[in-house]
Amino acid sequence: MTTIVWFRQDLRLSDHPAFSAALDNAAEHDQCIIPVYILDEGPAQLGEAARWWLHHSLSVLAEDLATRGSRLILRRGNPETEIVAMLQATGATSVYWNRRFDPTGIHQDQVIKTQLKAGGIDAQSFPGNYLHEPWRVLNRKAESFRVFTPYWKALITAGIDVPPLPPLPNALPPVPPSLASTRLEALGLLPEIPWDRAFPEHWKPGEHGARECLAAFLPKIESYAEGRNALDGQGVSRLSPHLRFGEITPRQISAALFARYPHPLEVPGVEHFLRELGWREFGASLLYHDPQSGTEPLNPRFAAFPWRDAPNDLRAWQRGETGIPVVDAAMRALWATGWMHNRARMIVASFLTKNLLIDWRHGAAWFMDTLVDADLASNTAGWQWTAGTGADAAPFFRIFNPILQAEKFDPQGDFIRQWLPELARADTKTLFAPWQASDDALNKAGIRLGDTYPEPIVDLAASRRRALDAFAQIKGGAAYERPQ
Ligand SMILES: Cc1cc2nc3c(=O)[nH]c(=O)nc-3n(C[C@H](O)[C@H](O)[C@H](O)COP(=O)(O)OP(=O)(O)OC[C@H]3O[C@@H](n4cnc5c(N)ncnc54)[C@H](O)[C@@H]3O)c2cc1C
């Protein structure tokens, strides 16, 4: 009698419903548990930065299992084939996993569950990585929400309080030694060219790293509402990659908040932080109920939008060479660390989709490849919101002015100086808009535009007008309608 626990986006041992259910089986019937991760090289592949994270997170999970007498089995290939092979090799009778909500994952899970059940296997899935599953938070007509505020109210009504979480045993049943596992290094998750050199300075993947990250953030949480927009990132938690890989759950985070504050929703910074976790839930709900939104604009008017085909501009944006300092600093930070601050994400997304008039899907794809927290649901929601193509989106005509954004959210210019050392000696006015600076100011700062730092690739005012003209072309089109 053996249970396979299939780990996917839940690389932790605590608050893991599928693992807990397997532990219950093991205790009751003296069963074995086989923890498995299968690297699926199918259509929904992970981006390069997320693969780096996955490598290290798997390494921590394997170690945590090994110290408890278990063993993480690693495989690469089609999950269905691998699971069937493991069932045959071990005689396991149960396969458990926590649910995921991206369209490809849902489809794969449905196929596998049906096949396993048809073969007499006890195949069960559990809720795991969200406060509520997407079909639980609905409006009075039992429809999904398209607007965040009522969604958030309904989520609060459904409850964010959490029951006490079961403790994890120190000893786990052993895995049959004959069961083969691929070596972690053989999964090929790490890059061949070492562009990830700086990542370890910024991150500690794995369940322990996630807990440390939360513990470091909690003392600052009461000033989250004011501090969260500062581009230096000091006011935010940086929990996103840990949440993405399920090294910590929103339930565990909520439990920590409820333990610290009897009424967290009445403490402004804490309430605001919980609301941001609500955006994560909302993104998952949008993608679940509109699975095509990962690739299609939620607002169908935008199907006819005259996006520009401008590969050179796209490349300049990706490389942080647009000549607009706050955009370039954010894009270079992304490349170096695999992460970008939320406000910076909005600034660079607005610049790409509006000033450069490049389709949001190009930006979303670059983010999916370069973010350690790359998550289809949150990324799609973030891009569609900023591009104005979503259901509950910033209107298209709201175009961020990158100079004003920098003045407001990086007032001393520290963030820009950190990532653009070639501008570090400039005074703040020059730093935010070097093309507007006098020759004298540029000389003093050692900046030669077009040589040490690029001239802007677009004129901000003219490109803003161009975006508004493009929007006027589709304004009369069909408005958003609920897909059938
Ligand atoms: C264009 C764009 C693309 C994005 N792509 C992703 C992505 O691929 N993966 C991802 O996790 N987030 C994405 N976000 C959302 C947000 O930027 C990040 O979650 C946040 O910056 C992560 O930093 P943090 O953990 O310090 O957040 P905090 O401010 O500390 O927030 C705590 C947690 O709440 C959640 N959260 C916060 N803000 C948002 C938000 N706007 N939408 C959804 N969840 C949120 C995250 O899980 C985050 O870890 C995107 C936003 C935009 C505008």
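A polar contact, as I use the term, is a pair of N or O atoms within 3.5 Å; within protein, one atom must be able to donate a hydrogen and the other to accept it, and residues adjacent in sequence count only if both atoms are side-chain atoms. An oxygen atom of the ligand sits 3.3 Å from an N or O atom in the side chain of R345.

Before going on, the conditions. This is a predicted model, where local features need pLDDT of at least 70 and side-chain atom pairs count only at pLDDT 80 or more, while totals for chains, interfaces and linings use all residues. Residues are numbered from 1 along each chain as its sequence is written, and side-chain values use heavy atoms, with hydrogens and water left out.

Back to the ligand. A polar backbone atom of D375 is 3.1 Å from an oxygen atom of the ligand. N379 puts a polar side-chain atom 3.0 Å from a nitrogen atom of the ligand. How much of the ligand's own accessible area does the protein cover? On its own the ligand has 810 Å² of accessible area, and the protein covers 95% of that. Those areas come from the Shrake-Rupley method with a 1.4 Å probe; for residues, only the protein chains shown count as cover.

There are 27 residues around the ligand, and Y224, S237, R238, N342 and D373 come nearest. Near here means that a heavy atom of the residue lies within 4 Å of the molecule. By residue class, the shell holds 14 nonpolar, seven polar and six charged residues. Ala, Val, Leu, Ile, Met, Phe, Trp, Tyr, Cys and Pro count as nonpolar, Asp, Glu, Lys and Arg as charged, and the others, Gly among them, as polar.

Which helices supply at least two residues each to that shell? They are helix 9 (240-244), helix 11 (268-289), helix 14 (342-355) and helix 16 (376-387). Helices (H or I, at least four residues) and strands (E, at least two) are DSSP runs, numbered from the N terminus.

Most residues other than glycine have a negative phi. R238 is not a glycine, and its phi is near 60°, a positive value. R238 belongs to the loop between helix 8 (224-227) and helix 9. With a relative accessible area of 24%, R238 is partly exposed; buried means under 20%, exposed over 50%, and partly exposed in between, with a 1.4 Å probe and protein chains only.

D15 is the other case. Its phi is positive too, about 45°, and D15 is not a glycine. D15 sits in the loop between strand 1 (2-7) and helix 1 (17-29). Is D15 buried or exposed? At 8% relative accessibility, D15 counts as buried.

Now the strands, starting with strand 1. Six of the six residues of strand 1 are buried. In a regular strand the side chains alternate between the two faces of the sheet. In strand 1 both faces are covered, with T2, I4 and W6 buried on one side and T3, V5 and F7 buried on the other. V5 has 0% relative accessibility.

What does strand 1 pair with in the parallel sense over six bridges? The partner is strand 2, where F7 stands opposite Y37. Two strands pair if DSSP finds at least two bridges between them. Strand 1 also pairs with strand 4 in the parallel sense, over four bridges, and the partner of T3 there is S94.

Y37 has L74 as its bridge partner in strand 3. The chain gets from strand 2 to strand 3 through helix 2 (residues 48-67), in a right-handed β-α-β crossover. Right-handed means that, with the strands pointing away from the viewer, the path from the first strand over the helix to the second runs clockwise. Strand 1, helix 1 and strand 2 also make a right-handed β-α-β unit.

Strand 4 (residues 94-98) and strand 5 (residues 122-126) run parallel and are joined by five bridges. W97 is partnered by S125 in strand 5. Helix 4 (residues 103-118) carries the chain between strand 4 and strand 5, again as a right-handed crossover.

Last, E207 in helix 7 (residues 207-217). E207 counts as buried at 4% relative accessibility, and its side chain reaches the backbone nitrogen of L13 at 2.8 Å.
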